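Reader: I have a model open on my screen. Please show me how to read it, one feature at a time.

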Amino acid sequence: MPRKKQFKSESKRLLDLMINSIYTHKEIFLRELVSNASDAIDKYYFEHAGHVNPDELEIRLDPDKENRLLTISDNGIGMDKDELEENLGTIAKSGSLAFKEEMDKKEGEKNSDVDIIGQFGVGFYSAFMVAKSVTVVSKKDGADTAYKWVSQGDDGYYITETEKETRGTTIILALKDDTDEEDYSQYLETYTIENLIKKYSDYIRYPIHMQVETSKPKPGTEDQEKPEYETVVEDKTLNSMVPLWKREKSKIKPEEYNQFYKDHFYDYEDPMRVIHFSVEGNVSFTSLLYIPSHVPQGFYNQDYKKGLQLYSRGVFIMDHAEELLPDYLRFVKGLVDSQDLSLNISREMLQHDNQLKLIAKRIEKKVLSELTTMLTKERDAYEKFWKAFGLNIKFGVYNNWGMDKDKLENLLMFYTSKEQKLTTLNEYVDRCKEDQKEIYYVSGSDLEMMNKLPIVQTLKKKDFEVIYLLDDVDEFVMQTLQQFREKTFKNASQGNLDLDTEEEKKELEQTTSDNKDLLDFMKDALKDEVAEVKISNRLSDDPVCLTAGEGVSFEMEKVFANMPEGNGPMGGMKAERILELNPNHPIFQTLKTLFTSDKEKVKEVAEVLYDQALLIEGFPIEDPIAYSRKICELLVNTNK
Ligand code: ADP
């Protein structure tokens with residue numbers, strides 16, 4: 001007897017869960033094993049493309065009531081010894097791993113384990129939900145030796161050499177004994193098995209064969225009025241073999257779409273959206289697309305693979321064909337099946353394939369129109385989408401020098417000063433005053449803070465709506481768009497806003513020239529910190545604010561500062577700082593008075609005001625200790 005090996009530790013937990021599962025849908029084990037068998041045949045077919053007789057490929061089910069065994073066999077690629085070890089001794093594989101991570105995250109939530117099993121494909125291990133012992137006999141395609149893998153689940157497994165004539169894998173389940181709660185014997189009934197295959201595995205592309213007893217007229221008696229019947233055993237194909245996406249749309253249930261998604265794209269949650277469509281014409285194809293309900297695992301990692309599965313006439317060609325999706329739709333999952341594609345197409349060829357380019361164009365159009373429909377007809381759903389994937393759409397606007405901006409601008413959403421809800425640019429413009437020429441925005445790291453910005457207060461008083469930008473990419477988006485419905489985007493904390501009437505302008509000019517000496521003096525006092533000190537009507541209640549000159553804005557300066565050092569010419573780019581004073585604020589009067597009596601004090605107040613303006617904008621101040629000392633001094637002086 002060979003030495004027993006232990007399962008890798010990460011496998012152990014899932015295994016325990018399977019063995020002791022109280023889950024009511026234990027029946028999914030069959031779906032899992034059949035889908036593994038189908039994958040294995042896919043792999044075989046693929047390796048021998050063109051040299052396989054498709055009629056020979058099959059999956060067989062074989063219930064044996066007497067010995068309480070259910071056997072599932074395939075003539076797919078098979079596994080050698082190492083593969084048995086690697087694939088069945090550990091869970092470090094695709095779907096199962098994602099499943100486990102998700103499960104660990106949810107640990108502690110009552111019964112969450114159980115729910116997830118039902119929703120998500122858990123693969124080979126699910127066999128242990130119904131079997132007390134599992135034997136896998138496999139012979140790898142082209143190999144001479146076959147191997148047997150045996151496990152009772154809880155105490156590890158062993159592998160030995162064995163005899164097997166044909167290529168492929170045979171899985172033998174020794175079913176558990178029935179209990180009061182669980183009827184395991186049902187999985188030996190051909191009737192139950194047939195139903196399970198119809199329910200879960202109908203679309204499997206290879207025939208699933210099983211011997212069934214049927215009652216048939218005895219030969220020679222068919223034409224009699226009362227034919228004599230006999231029971232015959234014959235091979236029956238249990239599945240219709242039509243892939244889900246080839247079926248009539250109206251006949252597909254939402255659950256079927258969702259289950260297919262979860263099985264094929266390794267998610268535990270139903271998708272947010274299913275898009276199923278066919279195109280006939282220059283290029284013909286069927287596509288089944290999904291928008292996930294949440295950001296996919298590893299989405300922001302470098303090695304996240306975008307792209308769709310590619311099929312030709314129902315036969316799988318490749319996964320993650322990235323040419324089929326623009327980058328900004330990289331969260332979309334799904335597949336494309338086209339008879340116009342060659343089975344032998346390689347990844348390199350994809351890039352130059354004109355058919356594929358046409359398909360990609362149609363897919364992009366379809367997804368965008370679906371999103372537009374969502375936005376207009378199902379606002380809540382769209383906002384949910386936006387919260388999950390909006391950032392990606394924004395990158396789409398900005399990437400490739402704005403090549404796609406026209407397609408995407410109507411999909412953008414922002415928070416604004418009007419309400420606590422997301423707003424589209426169209427809605428903003430619809431609400432605009434007729435003569436408003438610019439679309440105002442400010443940037444910041446939280447809404448509350450932006451709401452309090454002096455310039456926002458002023459704009460709100462004048463009844464202008466201001467867009468609040470929260471993401472780093474936002475200002476770049478605005479710069480890429482430049483205009484929307486003939487209104488120019490304008491950073492409200494930057495440059496001139498031109499909000500004043502002629503009269504106000506005149507008044508401002510007058511105040512400026514009256515106080516020219518004071519302003520020059522303050523500019524000198526602040527040295528190179530600021531490019532200018534000026535009086536403005538930008539402020540209503542606050543004494544000062546800092547604005548940026550045209551060009552680089554404060555938010556961009558912060559983004560640049562966060563880039564890895566020496567990262568291109570943008571590395572240390574800074575915004576030009578302009579200190580603006582509110583001529584109607586009492587502090588301005590104080591400054592004027594001090595300017596005639598105590599110039600040294602004016603210098604100090606100027607420094608304090610500048611530091612305050614920096615703080616409001618979310619910049620660090622250079623010398624916090626000096627700042628607080630000056631404030632204290634000023635406070636003490638209020639008593640004098
Ligand atoms: P998943 O199918 O999600 O990868 P499973 O636990 O179901 O996870 O299977 C693990 C691996 O074992 C598969 O990826 C495959 O390589 C291998 N395997 C399972 N069943 C078969 C089979 N019938 N024939 C060949 N290989 C198989």
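Predicted model: local features only at pLDDT ≥ 70, side-chain atom pairs only at ≥ 80, totals over all residues.

Reader: Where does Y206 sit in the secondary structure?

Author: Y206 is in the loop between α6 (190-200) and β7 (208-217).

Reader: How far apart are the C-alpha atoms of Y206 and E58?

Author: They are separated by 5.6 Å. Along the chain, Y206 and E58 are 148 residues apart.

Reader: Take one partner, S38. Which residues is S38 in contact with?

Author: Set aside neighbours within four places in sequence. S38 then contacts I59, I204 and Y206. S38 belongs to helix α2 (residues 28-47). Its relative accessibility is 6%, so S38 is buried too.

Reader: Now the whole chain. How many helices and strands are there?

Author: The chain has 21 helices and 22 strands. Of its 640 residues, 51% count as buried.

Reader: What share of contacts joins residues at least 24 apart?

Author: Count contacts between residues at least 6 apart in sequence. Of these, 70% join residues at least 24 apart.

Reader: And the surface? How much of it do carbon and sulfur atoms supply?

Author: The chain exposes about 32,800 Å². Carbon and sulfur atoms supply 47% of that.

Reader: Which residues form the negative surface patch?

Author: D528, E529, E622 and D623 form it. Look at E529. E529 lies in the loop between α17 (516-525) and β20 (532-535). A patch residue needs over 30% relative accessible area. E529 has 35% and is partly exposed.

Reader: Where are R485 and E486 found?

Author: R485 lies in the loop between β18 (483-484) and β19 (487-491). E486 is found in the loop between β18 and β19.

Reader: How accessible are R485 and E486?

Author: R485 is partly exposed, at 41% relative accessibility. E486 reaches 73%, so E486 counts as exposed.

Note on methods. Residues numbered from 1 in each chain as written. Heavy atoms only, no water. Patch = residues over 30% accessible without salt bridge, like charges linked within 9 Å, V, L, I, M, F, W, Y side chains within 5 Å. Areas by Shrake-Rupley, 256 points an atom, 1.4 Å probe, with all protein chains shown as cover. Salt bridge = Lys/Arg side-chain N within 4 Å of Asp/Glu carboxyl O. Lys, Arg positive; Asp, Glu negative; His and termini not counted. Charge placed at Lys NZ, Arg CZ, Asp CG, Glu CD. Helix = DSSP H or I, 4+ residues; strand = E, 2+ residues; numbered from the N terminus. Buried < 20%, exposed > 50% of the residue type's maximum accessible area, 1.4 Å probe, protein only. Contact = heavy atoms within 4.5 Å.
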